[in-house]
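Look at the linings first.

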Amino acid sequence: MHLMKFTLIICALAGCWQPLMWTSLFKHIIYKAYAMFLISSLYIFLFSQFVHVILNVGSSDEFTDALYMMLTVFVAGYKQIYLWVDHKNIMATINVLLEKPFAPYEAHELMIQEKFEKRIRNNTRRYLIIVMISIISIISMSISIDFMRRNLTYKAWIPFDYSSPAIYFVVYIHQLIAMSTSGIVNVACESLLCGFMLHICCQFEILGYRLTKLTHDQNNIRNYVCHHNRIFEYAYTVNNMFAKIIAIQFAVSMLVVCSNLYKLAMTTDYMNFIPLMMYTSAILMQIFILCWFGNEVKLKSLQLMNNIFDIEWSALSSSNKKHLLLIMKRTMIPVEFTSAHIVSMNLESFVALLKMSYSIFNLLHQTNEK
């Protein structure tokens, strides 16, 4: 069974994951060229915006106007390079789920795994649709306004004259490609991390099911203790793998949200209101899904204690009761994903991020009024 197949397809489209079936030299060269094109598009766009901020931005309005897309492209570029460089470790982490003790042993356990795989596919599709709607709205508004006026979608430093129609068209299309790529890369990375978190939830559910059969086969208790310990180790490995990405994403999301709120409050051109609103919604969804599924992992790890309470303890030997108490003791400290081991990924953190973003927005708004 191929795990997270649809998510890995999105990663391949984002230019950070070569399809496993593309093993021939020709396909290898084609995908390398495709990935390099997307990566170079992102970083050229990022460099042009960064130089524009240094050389041309002189007011808070201009700064917030340039900030939100520059930060988004920066994070997307970091994620793209990270996934490309570390893809072997990520693939190995996925393959661990196909080995003992994580692999399903019987039909019911396979059904549990398929249920979570379906959730991963559906969540990736929903997130992709939201981001694609945002990208399409930005492109549509840009074509109807900027393209007709021969303006670029985003202000950037261009080291040559692009007044001729052909050169302008190339620069204009490059910005749209870079913007679209940044959105797809974010979908790929967040969906991959959420897929890992849902598979951790899957393992807790499989272990809970195995524990319900303990009275029929008490010789497997050591395997269950080992399985429980391996789930914690696996969660720790996944958290370490994505810790830097999560930390950068939290910080950037806060700045982008407050920047976009400021732009929404200050805008007088209602033609720009819809794409900006869609973009802000996509950014909020980006951090919300991480907090939501991080919260689900925490709740699922705590729920295992209820599964243990449902076991018929009177039918167990003293040794097995001690092993169950060991699992319960470990369950009292839940699995928590953290941002650089500082901020926990849960719904409370999401609310705190919104409050902080709103506070920064108020500060910018009051500064502008003065």
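H7 gives the largest share of the lining of the second largest cavity, four residues. Helices here are DSSP runs (H or I, at least four residues), numbered from the N terminus. The model is predicted: local features need pLDDT of at least 70, side-chain atom pairs count only at pLDDT 80 or more, and totals for chains, interfaces and linings use all residues. Residues are numbered from 1 along each chain as its sequence is written, and side-chain values use heavy atoms, without hydrogens and water.

**Second largest cavity**
- On a 1 Å grid over the protein atoms alone, a cavity is a set of points where a 1.4 Å probe fits but cannot get out; a pocket is an open set with protein on both sides within 12 Å along at least five of seven lines; lining residues have an atom within 4 Å of a point.
- This cavity holds about 40 Å³, a volume being the space filled by probe spheres set on the grid points, which are joined across faces, edges and corners.
- Its lining includes Asn186, Gln249 and Gln286.

**Largest cavity**
- About 150 Å³ of space lies here.
- Of its 15 lining residues, Val131, Gly183, Asn186, Tyr279 and Ala282 lie nearest the centre.
- H5 supplies the largest share, five residues.

**Second largest pocket**
- This pocket has about 430 Å³ of space.
- Lys5, Leu8, Ile9, Pro19 and Leu20 lie nearest its centre, among 19 lining residues.
- H1 gives the most to this lining, with five residues.

Conventions: Helices (H or I, at least four residues) and strands (E, at least two) are DSSP runs, numbered from the N terminus.
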